[in-house]
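Subject: Handover of a structure and its analysis

Dear colleague,

Please find below the sequence and the structure that I am handing over to you. My notes on what was found follow directly after it.

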Amino acid sequence: MKLSGIFFVFLATLAAGCSPLMLKPADFSWPIEDELKSDSRGMVQEDRYSLSFSIKPLMYTEFKDSVNVSNRTIRLIRDIEGYYYITGPKFKNVYVFSQGDGGLVLEKAVPVSKEGLTSPAFNQRTPYIELINGNDKPIMLTKDGIHEEEKK
């Protein structure tokens with residue numbers, strides 16, 4: 001009986017030593033959005049946050065065109081949990097990405113406009129990302145989609 005108690009303490013100590021170090025709380029949000037223009041290869045780059053990626057797959061998903069990617073504008077912001085929100089003029093969706101191995105991984109495409117956005121802009125409204133499009137009512141977003149206000 002004594003031996004099993006010692007073995008249990010040993011296993012508990014070993015398990016505690018193997019748990020990953022986590023620094024909490026952490027805030028990954030960007031205070032303001034970035035407006036990025038693509039180059040002739042479809043790459044966008046944000047020097048302030050050392051981020052660059054190709055928008056070709058995104059352009060194909062949104063417009064079924066990955067050839068005409070030069071000089072396209074996207075809007076990009078990051079929320080408190082580290083998710084990236086991307087949209088742009090004429091987009092019908094906001095795309096939510098997480099960081100993956102060497103790239104961004106699509107988590108969700110959130111439909112926001114049937115006709116396409118005319119002048120989209122993001123704002124940080126913790127815990128939400130606010131999407132503004134001209135005179136349209138602002139849309140509050142989370143990584144899971146559109147946040148609906150509770151009706152009273």
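In these notes a residue is called buried when its relative accessible area is under 20%, exposed when over 50%, and partly exposed in between, with a 1.4 Å probe and protein chains only. The model is predicted, and local features need pLDDT of at least 70, side-chain atom pairs count only at pLDDT 80 or more, while totals for chains, interfaces and linings use all residues. Residues are numbered from 1 along each chain as its sequence is written, and side-chain values use heavy atoms, with hydrogens and water left out.

Confidence and overall architecture

The predictor's confidence in each residue, pLDDT, runs from 0 to 100. Its mean over the protein chain is 89, and 87% of the residues reach 70 or more. Confidence is lowest in helix 1 (residues 2-18), with a mean of 58, and highest in strand 5 (residues 84-87), with 98.

Helices (H or I, at least four residues) and strands (E, at least two) are DSSP runs, numbered from the N terminus. The protein chain has 2 helices and 11 strands, in the order α-β-β-β-α-β-β-β-β-β-β-β-β from the N terminus on. Of its 152 residues, 34% are buried. Taking a contact as heavy atoms within 4.5 Å, residues 24 or more positions apart account for 45% of the contacts with a separation of 6 or more. The accessible surface, from the Shrake-Rupley method with a 1.4 Å probe and, for residues, only the protein chains shown as cover, comes to about 10300 Å². Carbon and sulfur atoms hold 56% of that surface.

Two strands are said to pair if DSSP finds at least two bridges between them. An open sheet of 4 strands has the order 8-9-10-11, and its pairing is antiparallel. Strand 8 (120-125) and strand 11 stand at the edges with a single partner strand each, so one side of each has no neighbour in the sheet.

Strand 9 (residues 128-133) is joined to strand 10 (residues 139-142) by 3 bridges, and the two run antiparallel. Within this pair, Leu131 stands opposite Ile139. The two strands form a hairpin with 5 residues between them, and Gly134 in the turn has a positive phi of about 55°.

Strand 10 is also joined to strand 11 (residues 145-146), by 2 bridges and again antiparallel. Here Leu141 stands opposite Ile146, and the hairpin has 2 residues between its strands.

Asn133

Asn133 lies in strand 9 and is buried, at a relative accessible area of 8%. Its side chain makes a polar contact of 3.0 Å with the side chain of Asp136. A polar contact is a pair of N or O atoms within 3.5 Å; within protein, one must be able to donate a hydrogen and the other to accept it, and residues adjacent in sequence count only if both atoms are side-chain atoms. Leaving aside residues up to four places away in sequence, Asn133 touches Leu117, Thr118, Ser119 and Pro120.

Salt bridges

A salt bridge is a side-chain nitrogen of Lys or Arg within 4 Å of a carboxyl oxygen of Asp or Glu. The search of the whole structure finds 7 of them.

One of these joins Arg75 to Glu35, with the closest N and O atoms 2.8 Å apart. This pair links distant parts of the chain, since Arg75 belongs to strand 4 (residues 73-78) and Glu35 to strand 1 (residues 34-37), 40 residues apart. Arg75 counts as buried, at 14% relative accessibility, whereas Glu35 is exposed, at 52%.

Another salt bridge is formed by Glu46 and Arg48, whose closest N and O atoms are 3.7 Å apart. Glu46 is buried at 9% relative accessibility, and Arg48 is partly exposed at 47%.

Lys143 and Asp144 also form a salt bridge, with 3.6 Å between the closest N and O atoms. Lys143 is partly exposed, with a relative accessible area of 28%, and Asp144 is exposed, at 53%. Salt bridges that share partners also join Glu33, Glu35 and Arg75 into one network.

With kind regards
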